[in-house]
Amino acid sequence: MENSSALLLGRSGSLLQFVTILLLMLCVVDVKSQLSVDFYASTCPKLAQIVRKEVVNAVKAEMRMAASLLRLHFHDCFVNGCDGSLLLDGTDGEKFARPNLNSARGFEVVDSIKRAVESQCSGVVSCADILALAARDSTLLSGGPSWKVPLGRRDGLVANQTGAGDLPGPFDNLTLIIAKFAAVGLDSLVDVVSLSGSHTIGQASCATFSNRLTNFSGTGAPDPTLESSMLSDLQSLCPANVNGNPTTALDRGSTDLFDTHYFQNLVNNKGLLSSDQILFTGSEAATAAARSLVQIYSVNPGRFFFDFANSMVRMGNIGPLTGSNGEIRRNCRVINS
Ligand code: HEM
Ligand SMILES: *[C@@H]1O[C@H](CO)[C@@H](O)[C@H](O)[C@H]1NC(C)=O
Ligand SMILES: *[C@@H]1O[C@H](CO)[C@@H](O)[C@H](O)[C@H]1NC(C)=O
Ligand SMILES: *[C@@H]1O[C@H](CO)[C@@H](O)[C@H](O)[C@H]1NC(C)=O
């Protein structure tokens with residue numbers, strides 16, 4: 001009796017294992033097949049070239065646009081998945097949430113990419129996919145890595161202003177930033193640190209770092225982890241009680257170049273945002289691990305580029321709408337009527 005029940009348990013145990021493994025395999029296959037790099041191979045074979053040409057033009061006109069486009073993909077993906085919801089106009093939209101208001105930019109460029117795509121493949125390509133391709137092209141054109149972009153996302157029917165208000169912020173501590181990444185499925189510190197490396201290009205306004213300049217966390221003194229000459233520079237750029245609009249480079253070492261200088265800055269206490277510098281300095285549980293990644297990336301561009309490209313693909317996979325969910329928007333700013 002004991003023997004046979006043990007046998008039975010053993011059998012059902014291995015059957016269970018078998019089924020579990022099968023299910024896991026199906027899940028893996030399923031996740032991979034949701035998006036595919038050749039999704040538009042027959043419906044819009046020139047898509048990559050069309051997008052590239054528009055991004056080249058935009059970046060030629062203004063180098064910072066590469067950074068702005070890269071950031072749009074991030075702010076899209078973290079809120080209800082990569083579904084183009086950020087692009088929807090309206091005061092109840094994501095554009096009016098605190099992290100985006102007077103800050104997210106590049107929407108006109110997205111419009112012109114969309115127009116160019118529509119003129120050759122009407123009603124086929126989603127705005128969410130255009131953001132993913134534009135982010136890749138922007139990175140590459142700034143001197144960074146390239147990667148194959150999985151495609152096939154569809155556009156969402158709703159914006160989520162509350163969700164956008166909850167994007168990772170410059171005053172968040174590392175614990176909270178890690179939690180916000182994990183909440184969208186990016187549960188590796190590699191994603192947090194490598195994707196923060198996006199701040200190797202682009203600009204930030206005084207409002208996002210002036211908390212560090214005079215009375216940091218109520219101490220009555222500036223953030224001690226901000227290098228002194230950079231501190232005085234920033235203090236003259238952002239006088240107290242003046243508007244928070246002036247901007248400066250996130251990476252003052254090589255502003256428009258996608259390189260490892262951002263990480264070298266952190267090692268030298270020259271991170272601009274508090275959320276940048278705490279990847280290297282601090283005493284939270286994850287600081288030591290983040291710090292060692294920063295150190296590696298600061299001297300190893302190959303490793304940074306490799307991890308960044310992989311993390312971008314993972315970020316691009318957040319909650320895509322596929323199949324018959326959502327729609328292919330005709331105009332990225334409004335849902336189809
Ligand atoms: C880790 C948490 C992050 C925080 C707290 C953060 C915060 C910020 C802030 C405050 C700015 C300046 C906005 C302004 O003043 O207008 C900024 C700019 C930027 N962020 Fe992030 N960010 C984070 C992660 C990311 C990620 C994951 C990406 C891309 C994958 C990214 C890409 C960019 C780019 C490229 C800019 C410059 C945009 C421009 O010049 O128009 N950031 N970020
Ligand atoms: C909006 O985003 C938040 C946080 O990302 C999420 O919890 C919430 O369910 C979303 N709401 C809608 C209506 O999608
Ligand atoms: C991080 O910030 C959150 C939210 O402000 C706070 O609750 C938490 O105590 C902070 N954690 C650390 C380790 O500072
Ligand atoms: C710094 O901020 C704290 C609290 O935010 C405040 O109590 C204190 O008076 C400020 N100190 C100075 C020098 O402004």
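**Terms put to the test**

Mentor: Start with Ser-85, which counts as buried because its relative accessibility is 0%. Note that this is a predicted model: local features need pLDDT of at least 70, side-chain atom pairs count only at pLDDT 80 or more, and totals for chains, interfaces and linings use all residues. Residues are numbered from 1 along each chain as its sequence is written, chains are lettered from A and ligands numbered from 1 in the order in which they are written, and side-chain values use heavy atoms, with hydrogens and water left out.

Trainee: Why is Gly-81 called buried?

Mentor: Buried means under 20% relative accessible area, exposed over 50%, and partly exposed in between (1.4 Å probe, protein chains only). Gly-81 has 6%, so it counts as buried. Of the 337 residues of the protein, 46% count as buried.

Trainee: Where is Gly-81 found?

Mentor: In the loop between helix H3 (65-77) and helix H4 (107-120). Ser-85 has its place in the loop between H3 and H4 too. Helices (H or I, at least four residues) and strands (E, at least two) are DSSP runs, numbered from the N terminus. The protein has 13 helices and 2 strands.

Trainee: Which residues is Ser-85 in contact with, leaving aside its neighbours within four places in sequence?

Mentor: Contact means heavy atoms within 4.5 Å. With those neighbours left aside, the partners of Ser-85 are Asp-76, Val-79, Glu-94, Val-158, Ala-159 and Arg-329. For Gly-81, on the same terms, they are Asp-76, Ile-318 and Gly-319.

Trainee: How do you know that the radius of gyration agrees with a compact globule?

Mentor: The radius is taken over C-alpha atoms, and the globule rule is 2.2 Å times the number of residues to the power 0.38. For 337 residues a compact globule would have a value near 20 Å; the protein has 22 Å, which agrees. The C-alpha trace spans about 80 × 60 × 40 Å along its principal axes.
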